Amino acid sequence: MSMDSAIKKAVNGLPAFPATVHRVTALINDPDSSMAELVDVVRLDQSITANILRMCNSAYFGLRHKVDNVQDAILYLGRQNIVRAVMAAGASRFFRNTPGYEAEAKVMWEHAVGTALLAQILSKKVTGREETSLFTAAILHDIGKIVLGAFVKDKYAEIKKIVSGESRSFLEAEEKVLGMNHATLGGLIAANWKFPEEIRQAIAFHHRPDRLASGNGLMPWLVHLADQGCLMLGIGQGSDGLAYDGLDEAMKRLGLAQADFEAALARLVKELDNARELVGIVQPSPH
Amino acid sequence: MPQILVKLADLSVSNNPDDLLVVYGLGSTAAVMLYDAQAQTGGIAHFMLPNSASEPQRAREYPAMFADVAIPLLVEACTKKGARREAITARLAGGSLLMGQGISRSISEGNIAAARRILEQLSIPLTSENTGGNHNRAVRMEISTGKSFVRHPDGNWEEMA
């Protein structure tokens, strides 16, 4: 089997994205939906229910009441936070130890959450808004690594040689050796999982938002910059490390000054402290 | 040996010879390691930005976030634990660069430059540095000996001079 078809086969072997998450998103966007419907849908998925209860008392969501059941969680979280909580709860099950990138599940997840929080902090500065679709794209931006990791592991020496010998980014080396990079692959996974185009593109182009046509909005650029911010702070480091080709034009495209970016990084540390329960839903795996 | 993890934007000091101070996840951030050999006392600050001037409120909440606040605070914490101010020496690690990004360069190089400048202002000799490059680092310091090690991308630990 060729490398390309082996990778695609591995993608098709991934379980479906939890239907509960898509149904919750649809219900939230439907003005006629009721709270009772939402509660019923969430309760259908035991793992999502358990995760929501574990993380909804996190300071990040800012609830004033201690919550111990799904109904109260949904009542108090508010629409935007329900989507974030359900998305995080649903996505977290796919995070596992990822050979090749030498990253443990917990580290991958911390990077995903950190990137989602930072993307939202940056978005608020740039547009005044925090969009849940951005949260989704950011939390799933490296999902391709979950599948590509095994292939990276097999060709690790070759990839590393290109990174250190030719001073190329890890992403370029993936593409050169495997014929596929984790970002593009993440886009394919998101398509299999029936995410909308905006989210698929933000994932697929999170390293190279400049390769998208200009009409694609700011989301890929926000994920690009948030991803780098987390790597700079060592939030979720793997074997690819800082061999990441950051685009200088990102700051310009987003209209950010250096001081804005530094303030966002400082704020991220605070938000991650507040989001400990959210980070904690993926536990360290046994070795 | 009890490991004490020094988190991002935090500092830790010890005079317990059994302790090992460890920092994981040094990217563009940096770690200053201080030690007094006779007092067997030392500490590490893991800061992420060079200057607190534009973020005074954050600096009150997370003093070790910024080099200009973290390093003097670390010196003070070490002397409180028994280190003699004039006997303290320093090591410095971190400040990796993301490829091709100006913003990363200014933060990484800013962190290293700020640490050097502040240590010089405080008349603390900087005996060893392991900075720059495109890779992450981890560092650790043994309180009993002051020996400090930096982890390379291949996973091996190298003792710093």
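Begin by selecting β3(B), which gives the most to the lining of the largest pocket, with four residues; strands here are DSSP E runs of at least two residues and helices are H or I runs of at least four, numbered from the N terminus. This is a predicted model, in which local features need pLDDT of at least 70 and side-chain atom pairs count only at pLDDT 80 or more, whereas totals for chains, interfaces and linings use all residues. Residues are numbered from 1 along each chain as its sequence is written, chains are lettered from A in the order in which they are written, and side-chain values use heavy atoms, with hydrogens and water left out.

Next, select G234(A), G236(A), Q237(A), Y24(B) and G25(B), which of the 49 lining residues are the closest to the centre of the largest pocket. A pocket is an open set of points on a 1 Å grid over the protein atoms alone, where a 1.4 Å probe fits, with protein on both sides within 12 Å along at least five of seven lines, and lining residues have an atom within 4 Å of a point.

Now turn to the interface, where 29 residues of chain B are in contact (heavy atoms within 4.5 Å) with 30 residues of chain A. Select E61(B) and K270(A), which form a salt bridge with their closest N and O atoms 2.6 Å apart; the rule asks for a side-chain nitrogen of Lys or Arg within 4 Å of a carboxyl oxygen of Asp or Glu, and across this interface it finds one such bridge. Finally, colour β3 (20-26), α1 (56-61) and α3 (102-121) of chain B, each of which supplies at least two residues of the side that touches chain A, with α3(B) giving the most, five residues.
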